[in-house]
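Me: I would like to go through this structure with you, one topic at a time. Could you begin with the terms?

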Amino acid sequence: QVQLVESGGGSVQAGASLRLSCAASGRPISSYSWGWFRQAPGAAREFVAHIRRNGGHTYYTDSVKGRFTISRDNAKNTVYLQMNSLKPEDTAVYYCAAGGGIILSNIRNSGGYDYWGQGAQVTVSS
């Protein structure tokens with residue numbers, strides 16, 4: 001069992017940066033592959049980024065590539081999403097998620113993850 005607590009959301013203007021944190025307790029983050037998803041009002045949950053359990057290779061949805069970076073700090077047992085050059089279309093609730101056996105072809109499917117954070121609101125105004 002692992003519990004995930006998110007922090008770092010907020011309201012910013014376009015072009016600003018935010019860093020979301022996902023602090024895990026109960027199990028080491030090295031036990032899992034990790035993802036970030038987001039959900040805008042009235043929309044479906046959308047894949048944003050993923051980092052593999054072994055090797056640390058990262059994957060991003062096209063709309064955030066070059067602006068967002070997923071990373072992990074095993075010593076702090078925390079996963080991060082650094083968001084730069086934020087745009088109004090990035091406005092959403094952001095969720096971190098963990099899974100112990102996610103195959104590469106399923107990283108974009110929210111149903112493949114076992115544990116979820118509570119969500120962090122990110123609002124970007126123009």
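Reply: Buried means under 20% relative accessible area, exposed means over 50%, and partly exposed lies in between (1.4 Å probe, protein chains only). This is a predicted model, in which local features need pLDDT of at least 70, side-chain atom pairs count only at pLDDT 80 or more, and totals for chains, interfaces and linings use all residues. Residues are numbered from 1 along each chain as its sequence is written, and side-chain values use heavy atoms, with hydrogens and water left out.

Me: Is Glu46 exposed, partly exposed or buried?

Reply: Glu46 counts as partly exposed, because its relative accessibility is 32%.

Me: Which side chain does Glu46 meet in a salt bridge?

Reply: Glu46 meets the side chain of Arg38, at 3.0 Å from N to O. A salt bridge here is a side-chain nitrogen of Lys or Arg within 4 Å of a carboxyl oxygen of Asp or Glu. Arg38 itself is buried, with a relative accessible area of 6%.

Me: And what else does Arg38 form a salt bridge with?

Reply: Arg38 also forms one with Asp90, where the closest N and O atoms are 3.0 Å apart. Arg38 lies in strand S4 and Asp90 in the loop between S8 and S9, so this pair ties together parts that are 52 residues apart in sequence. Strands are DSSP runs (E, at least two residues), numbered from the N terminus.

Me: Where does Arg67 come in?

Reply: Asp90 forms a salt bridge with Arg67 as well, with the closest N and O atoms 2.8 Å apart. Arg67 sits in the loop between strand S6 (58–60) and S7, 23 residues from Asp90. Both Asp90 and Arg67 are buried. Through shared partners, the salt bridges join Arg38, Glu46, Arg67 and Asp90 into one network.

Me: How many salt bridges are there in the whole structure?

Reply: The search finds three.

Me: Turning to disulfides, how many are there?

Reply: The count is one, taking a disulfide as a pair of cysteine sulfur atoms within 2.5 Å. Cys22 is joined to Cys96, with an S to S distance of 2.0 Å. The link of Cys22 and Cys96 is right-handed, with 60 degrees about the S-S bond. Cys22 lies in strand S3 and Cys96 in strand S9, so the pair ties together parts 74 residues apart in sequence.

Me: Are these two cysteines buried or exposed?

Reply: Cys22 and Cys96 are both buried.

Me: On to the largest nonpolar core: which residues touch the most other members?

Reply: Among its 29 residues, these are Trp34, Trp36, Leu81, Met83 and Tyr94. A nonpolar core is a set of buried Ala, Val, Leu, Ile, Met, Phe, Trp, Tyr and Cys residues joined through side-chain atoms within 4.5 Å. Strands that each supply at least two residues of this core include S4 (33–39), S8 (78–83) and S9 (92–99).

Me: What does Tyr94 touch?

Reply: Not counting residues up to four places away in sequence, Tyr94 touches several residues, including Trp36, Arg38, Phe68, Leu81 and Met83. Contact means heavy atoms within 4.5 Å.

Me: Last topic, the open sheet of four strands. What is the order?

Reply: The order is S1-S3-S8-S7, with antiparallel pairing; two strands pair if DSSP finds at least two bridges between them. Strand S1 (3–7) and S7 stand at the edges with a single partner strand each, so one side of each is left without a neighbour in the sheet.

Me: How many bridges are there between S7 and S8?

Reply: S7 and S8 pair in the antiparallel sense over six bridges. Phe68 stands opposite Met83 in S8.
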